[in-house]
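User: I'd like to learn how to read the features of a model like this one. Can you walk me through it, starting with a ligand?

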Amino acid sequence: MEPLLQAGGVVVRSFLAAGEDRALADDVLDGLTRPFKELPPKHFYDARGAELFDRITELPEYYPTRAEREILVAHAADVVALTGAGELVELGSGTAAKTRILLRAMHDAGTLRRYVPLDVTESMVRATAGELVQELPGLEVHGIVGDFERHLAEVPPPEAGVPRIVAFLGGTIGNFPPGSRRRFLRGVRRLLRPGVDHLLLGTDLVKDPAVLEAAYDDAAGVTAEFNRNVLHVLNRELGADFEVGAFDHVAFFDREHEWIELRLRAQRHMHVHVGALALDVAFAAREELRTEISAKFTRRRLDGDLGAAGLRLVRVLTDPGDRFALSLSTPRR
Ligand code: SAH
Ligand code: TRP
């Protein structure tokens, strides 16, 4: 397949061409016709969604990004020393803001060879790839525009003698329900050579529900706007007629499952037509549509999930406030 872009150390390939509208349509048809309506979270991140997420990471209430950055600043050099990594594969790379700390540490250690960002949002993969080859001379970037649930096999094979880190930061792993989470981790494990490569996983930790709920329901309303953005995506991409302002943002901590749940609640009885699906959906007054879960972790949950995927914990690093954990794990032989 022709790369989207190939120039001075950068290659970007997309696996989200033609069939992609279909994937969105299938997801939405499935989700909106369930007894409890829900939508899969990857559709949040169009260009506007990506920009809103960027604003979320700077909100006073949204601590995960800052906590994870603190851990990277304190421990990136140790992570590089421990793994000897020369290649960084990053799933859901976004703007790679925190990743630069790790790449810089690899550069300083003299091991840095290649960065492989994978994200559904093409504009972000392109921009990040271009910036990084400028910032880090000699770096090769192999960008992948794709879905980490379907395109892990498109990650290029590792180079012999170059240890790899696969990074999955930001607590994005928490957006999978528990069963899919383990299936996903088994897929990630296949990218790792036993005795050579490591997974670097960011997980938000269980804590005071008030702190968690504020992180997903900020005073400025940015998260609410981000949540509702998914309806704009459906209106544009699938010719739907959601009245976006008639849905309220709902975020709460489910204490039993220990996850944050995000929903959109219809203010009144409504009918929505989705043109591309020839679908009419009714919402009862106050009916809720689930848009995302964000699971929070304990050491035990982390151990259990990694173990079930054939991975063994090597290190768990936390911020001084114990809000967030970055863990290194490796395939069990
Ligand atoms: N890693 C960054 C961004 C986290 S936000 C950070 O830690 O701040 C989640 C990112 O994952 C977004 O960039 C989004 O576009 C991407 N993403 C979400 N679902 C995805 C999927 N199914 N496949 C690939 N990327 C996905
Ligand atoms: N996946 C991130 C998280 O769980 C991103 C995120 C923050 C998010 N706020 C959100 C996703 C609101 C959807 C809705 O923290």
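Analyst: Let's start with ligand 2, where an oxygen atom sits 2.5 Å from an N or O atom in the side chain of Tyr 216. That falls under polar contact, meaning a pair of N or O atoms within 3.5 Å; within protein, one must be able to donate a hydrogen and the other to accept it, and residues adjacent in sequence count only if both atoms are side-chain atoms. Before going on: this is a predicted model, so local features need pLDDT of at least 70 and side-chain atom pairs count only at pLDDT 80 or more, while totals for chains, interfaces and linings use all residues. Residues are numbered from 1 along each chain as its sequence is written, chains are lettered from A and ligands numbered from 1 in the order in which they are written, and side-chain values use heavy atoms, with hydrogens and water left out.

User: Which residues surround ligand 2?

Analyst: A residue counts as near a molecule or strand if one of its heavy atoms lies within 4 Å of it. For ligand 2, the surrounding residues include Phe 44, Tyr 45, Phe 53, Asn 175 and Glu 292. Two further side chains put a polar atom by a ligand oxygen: Tyr 62 at 2.4 Å and Ser 294 at 2.6 Å.

User: And how many residues surround ligand 1?

Analyst: There are 18, the closest being Gly 92, Lys 98, Asp 119, Asp 147 and Phe 148. Look at the backbone too: a polar backbone atom of Val 120 is 3.3 Å from a nitrogen atom of ligand 1, and one of Gly 170 is 3.4 Å from an oxygen atom of the ligand. Thr 121 uses its side chain, with an N or O atom 3.4 Å from a ligand oxygen.

User: Now the domains. Where are they in the chain?

Analyst: Bounds come from an automatic or database domain assignment. Here, domain 1 covers 31-60 + 209-295 and domain 2 covers 63-205 + 297-331. Their centres, taken over C-alpha atoms, are 27 Å apart. The contact (heavy atoms within 4.5 Å) takes 20 residues from domain 1 and 20 residues from domain 2.

User: How do I read the interface area?

Analyst: The size of an interface is often given as the accessible area lost when the parts come together. Buried area here uses a 1.4 Å probe and is summed over both parts. Domain 1 and domain 2 bury about 1500 Å² between them, with carbon and sulfur atoms giving 48%. On the domain 1 side, Lys 42, Ile 293 and Ala 295 supply 31% of the area buried against domain 2, more than any other three residues.

User: How many salt bridges cross that interface?

Analyst: A salt bridge is a side-chain nitrogen of Lys or Arg within 4 Å of a carboxyl oxygen of Asp or Glu. The rule finds one across the interface of domain 1 and domain 2, and seven residue pairs in polar contact, both at pLDDT 80 or more.

User: What about the whole structure?

Analyst: The structure holds 29 salt bridges. One of them joins the side chains of Arg 263 and Glu 288 at 2.5 Å, N to O. Arg 263 lies in strand β9 (residues 259-266) and Glu 288 in strand β12, so the pair ties together parts that are 25 residues apart in sequence. Strands (E, at least two residues) are DSSP runs, numbered from the N terminus.

Note on methods: Buried area = accessible area lost by both parts, 1.4 Å probe. Helix = DSSP H or I, 4+ residues; strand = E, 2+ residues; numbered from the N terminus.
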